[in-house]
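This briefing is written for a reader who is meeting the structure for the first time. Please look at the sequence and the model below, and keep both in view while reading the points that follow.

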Amino acid sequence: MELVRVSNVSLNLEGIQILSHVDMSFEGGLIHAIIGPNGAGKTSLMNCITGYYPPNDGTVSFRGEDITRLRPDRIARLGIARMFQHIEIISELSVKDNVLLGRHIHTNYNVCQALLYYGKAKREELRNEGEITEIMSFLQLEDVQEKIAGSLPYGTQKRVELARAIAAMPQMLILDEPTSGMNQQEKREIIDAILRVHESFTPSILLIEHDMRVVMEISDKIWVMNFGTLIANGCPGEIQQNKLVIEAYLGSEGTC
């Protein structure tokens, strides 16, 4: 089933053409990866999908619904969550409170109920507590849930951000450079976590990643961008042998 479709999307920022007529279709149930050299337009495309940048031309649809001009919060409520390249947790809050923030799009009670903490507000908060307890246990964060998030090692903070994204219960989870800045052990931990999340929580993942070993290990389908355009797509084996991809990364004289 097609989950997200990007149709003829172009983006111009301050006179610079960032994306040019990009067409992609992401099926549900798969791990898709978008790769390309620095400046290829990968993160800008994610910003168009999640509502941070409205494209100048083209459309983005989610489950057949046009979301091109929707605000990021509306898109999140529809079922697209995102983990950013740079850590965006609230450093002063506990791990538990950071993960709870991922549940706010599913709360449905008024201010009076929240202040008095009764009825629907109490029931929903208890439900949210149960949801995030399971998620933190799943990502091995239960032992640090009361610790201040900003005091934790970088790799653990990344898992906190992943937990918060999962807490939104998305149908499509977007991960922008999830292994960036990590050592090999931290990379292994986050890769294993992503695979477990894919199996147990979020069947559809869209990944931007520079580490080709990570991409080739976990991706079902790979999309390759260069200078704001799509130059190739296919399974990992096909991408490894694609001449356009080899030239984009290594130059015309390069070989795999």
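In this predicted model, the buried residues of helix 7 are Glu186, Lys187, Ile190, Ile191, Ala193, Ile194, Val197 and His198. They lie on the same side of helix 7, because the arc they cover around the axis is only 160°.

**The protein as a whole**

- The protein contains 10 helices and 10 strands, and of its 256 residues, 48% count as buried.
- When contacts between residues at least 6 apart in sequence are considered, 66% of them join residues that are at least 24 apart.
- The accessible surface of the protein comes to about 12,400 Å², and carbon and sulfur atoms account for 50% of that surface.

**Helix 7**

- Helix 7 runs over residues 184-200, which makes 17 residues, and from its first C-alpha to its last it reaches 24 Å, close to the 24 Å expected at 1.5 Å a residue.
- At the start of helix 7, a side-chain oxygen of asparagine 183 comes to within 3.1 Å of the backbone nitrogen of glutamine 185.

**The open sheet and its hairpin**

- Four strands form an open sheet in the order 2-1-4-5, and their pairing is antiparallel.
- The edge strands of this sheet are strand 2 (16-27) and strand 5 (65-66), each of which pairs on one side only.
- Strand 1 (residues 2-13) and strand 2 run antiparallel and are joined by eight bridges, and within this pair arginine 5 stands opposite serine 25 in strand 2.
- Strand 1 and strand 2 form a hairpin with two residues between them, and glutamate 14, which is in the turn, has a positive phi of about 50°.

**Isoleucine 18, a residue of strand 2**

- Isoleucine 18 has its place in strand 2, and, leaving aside residues up to four places away in sequence, isoleucine 18 touches Leu11, Leu13, Gly41, Ser44 and Gly228.

**Strands 6 and 7**

- In strand 6 (residues 80-83), Ile80 and Arg82 point one way while Ala81 and Met83 point the other way, and all are buried.
- Strand 6 pairs with strand 7 (residues 172-176) in the parallel sense over four bridges, and in this pairing alanine 81 stands opposite leucine 173 in strand 7.

**Helix 1**

- Helix 1 (residues 42-49) is mostly covered, since seven of its eight residues are buried; these are Lys42, Ser44, Leu45, Met46, Asn47, Cys48 and Ile49.
- Just after helix 1, glycine 51 takes a positive phi of about 90°.

**Serine 94, a loop residue**

- Serine 94 lies in the loop between strand 6 and helix 3 (95-101), and serine 94 counts as buried because its relative accessibility is 9%, under the 20% cut-off.
- A polar atom of the serine 94 side chain lies 3.1 Å from the backbone nitrogen of aspartate 97.
- Leaving aside residues up to four places away in sequence, serine 94 touches Gln145, Glu146, Lys147, Ile148 and Ala149.

**Two loop residues with a positive phi**

- Most residues other than glycine have a negative phi, and the two residues in the next points can be read against that background.
- Glutamine 140 has a phi near 60°, a positive value in a residue other than glycine, and its place is in the loop between helix 5 (119-138) and helix 6 (154-167).
- Is glutamine 140 buried or exposed? Glutamine 140 is exposed, because its relative accessible area is 59%, over the 50% cut-off.
- Glutamate 177, in the loop between strand 7 and helix 7, has a phi near 50°, again a positive value in a residue other than glycine.
- Glutamate 177 counts as buried, because its relative accessibility is 5%, under the 20% cut-off.

Methods: Residues numbered from 1 in each chain as written. Predicted model: local features only at pLDDT ≥ 70, side-chain atom pairs only at ≥ 80, totals over all residues. Heavy atoms only, no water. Expected span 1.5 Å × (residues − 1). Buried < 20%, exposed > 50% of the residue type's maximum accessible area, 1.4 Å probe, protein only. Arc of directions from axis to C-beta. Polar contact = N/O pair within 3.5 Å; in protein donor to acceptor, adjacent residues only side chain to side chain. Pairing = 2+ DSSP bridges. Contact = heavy atoms within 4.5 Å. Areas by Shrake-Rupley, 256 points an atom, 1.4 Å probe, with all protein chains shown as cover.
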